[in-house]
Structures are given as structure tokens and as C-alpha cells.
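Have the structure open while you read.

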Amino acid sequence: MRPWERVLRDPRSELSPDDVSSILDEARGVLSGDPAHLELESEILVVGDTHGDLASSLSAARVAEERGLPLLFLGDYIDRGPEQLENLVYVLSLKLSRPDGVFLLRGNHEAAEPNAWYGFLSVVEARLGVEAYRDFLGLYSELPLTAVLGGEILAVHGGIPAGVESYNRVRKLDKFGPDPEDPMEIQLLWNDPSESVDWFAPSPRGPGIFLFGRAAAEEFLSSSGLKMLIRGHEFVDSGMRLSLGGLVATVFSCRYYGGEPAAAEMSEGGRIRVIPLNLPQ
Ligand SMILES: [Mn+2]
């Protein structure tokens, strides 16, 4: 049995550094076949940040299987939570088992700098050795950046970038290396919506990051022929929140922030159903 098959059977099984390295290698190969910008169907289960919450990823996979839905994860698999390595290895194993039914976007934490601050680098060094971390950076650089669901809903980890007239320009961005450097790369992974801003304003998250308001979302979406944005990146205590007049849905799927982790079941016409993920494992 290949290591990723063992992970699917027992997601908490003890993995050797060689097992992890084999999963990363295979996943990198399969992910390299996904374009930077995915076109997916309108009926899909969308999962927000999991941050080391393996139980939420397991619940999401079970719900998707029961309903016969493909799965889209919005990034941020690691840092912060208690089962970071297990969670990342599990979602990669899901991808390997269903290359055309599981999709993994890149979050702002799939990068070198956050991992040094928020825990994942230490987890990898302690569990797999100092040398192993490089393979994770190689994997991050194969993760796609955006997806369009049913031709009308944009999915991305953070938000829309300032000074970019439409998705046509976003779509020209390639997958990138260990850390985002281009302003558009940074903003797609880091920006947040805000009700107190019309267009764009500097974000408290740091330099090069922006809050975007309703006018900005309206203009970007309409000039792109899109109806709505679905994204993760921010804690939402009920797991899903609509903002900016319903143009933006935020999904949050990690239980370690004190809220209810959820996924968003998307269906035809942009309907969204909130699916709780705090099921017993
Ligand atoms: Mn994030």
C-alpha cells in the first residue's frame, strides 16, 4: 500500500520522513497538472481555512463523498492548529485519490515566512528533520491560486486586488515560489472585505495588503462577468458569513478559534448551504 493510501485509511497513522516525502513527491506531480486558475463546476463543497484541524478536513471529505460532490479547499492547511502535518498530508492524499475531484488552492500560510512565525516550520523540523522543509516549499509552488465555479463565482483565499480591472488580468498570474512577491499575488492571498471601506484602504494585516469595499467588489466582479466571490482567510464564528451586500462569502473551517467550523455547499445559481463540520470523528 502506498503511503497516501495508508493515510486515507488511517489519517493519524505514524508516518516516517520517507513516507511524507513520497506523498509530497506524488502530490507535487499531480498538482503540477492543475493550472494556476481552475475552472470548476457550480456544484461543489467549498472548505475554508483548516489550520491544522484534521477533524474538519475529515468531516468535509465525508460530506463530499456522501453527496457525490467535488471538493475545493481554499488554503491555509497548516500553522496554528494541533494536527498541521496530519492535516496537510491528509488533504494531499485526498488529492492523490481523486485528482479530478479534489482541488487545493494556495493560502497565505502556504509560504515560507508565515511558517517560520506560526508554527509549521518548527513542526516539520521536530518531526521530519531540518532538511525536510524544503520539499514543502516545492509543494506550495504547485498549488493553484484561484478557481471559477460554474463560470460565475470566483474562489480565492484572500480577496480581490487593488488596481486590477478584472479577472482577465488575475488569470495571467502564474503559480509562484516560496513567498508571494508580486503585489497581485500578495493581495489575492491576504486581502479582506470591509463594510467600512468603499474601494480600497490599507489593511491592519501589514504593508502591501488591503481591505476592499462594496464598490470595489461590484466593479471587479461585473467587469469580469462574475457574480460573487467566495474566500476564506478570516475567522467567522458561525463558519460562513455573507458581506458587501451578499457579493462576498467568507468560509472558515477551523475549530480552534472558538467558533463553529463549516463548509459551503454550492449549487446551481450560486445558492450556498452552510454545512457544519464539527461532526464526531
Ligand atoms: Mn489566511
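We start with a pair of residues: Phe 200 stands opposite Phe 212 in β9. Keep in mind that this is a predicted model. Strand β9 covers residues 210-212, and it pairs with β8 in the antiparallel sense over three bridges.

Now for the metal. Which residues coordinate the manganese ion? Here they are, with the atom each one uses:

| Residue | Donor atom |
|---|---|
| Asp 76 | OD |
| Asn 108 | OD1 |
| His 157 | NE2 |
| His 233 | ND1 |

These donors sit at 2.1 to 2.3 Å from the ion. Along the chain, their spacing reads D-x31-N-x48-H-x75-H. Asn 108 comes from the loop between β4 (102-104) and α5 (112-118), and His 157 from the loop between β6 (153-156) and α8 (167-170), so the pair ties together parts that are 49 residues apart in sequence. Both Asn 108 and His 157 are buried.

Last stop: Asn 87, in helix α4 (residues 84-97). Is Asn 87 buried or exposed? Its relative accessibility is 0%, so Asn 87 counts as buried. Its side chain makes a polar contact of 2.6 Å with the side chain of Ser 57. Leaving aside residues up to four places away in sequence, Asn 87 also touches others, including His 51, Asp 53 and Tyr 77.

How values were computed. Residues are numbered from 1 along each chain as its sequence is written. This is a predicted model: local features need pLDDT of at least 70, side-chain atom pairs count only at pLDDT 80 or more; totals for chains, interfaces and linings use all residues. Side-chain values use heavy atoms; hydrogens and water are left out. Two strands pair if DSSP finds at least two bridges between them. Helices (H or I, at least four residues) and strands (E, at least two) are DSSP runs, numbered from the N terminus. Buried means under 20% relative accessible area, exposed over 50%, partly exposed in between (1.4 Å probe, protein chains only). A polar contact is a pair of N or O atoms within 3.5 Å; within protein, one must be able to donate a hydrogen and the other to accept it, and residues adjacent in sequence count only if both atoms are side-chain atoms. Contact means heavy atoms within 4.5 Å. Donors are N, O and S atoms within 2.8 Å of the metal (3.2 Å for Na, K and Ca); water is not among the atoms, so sites may look incomplete.
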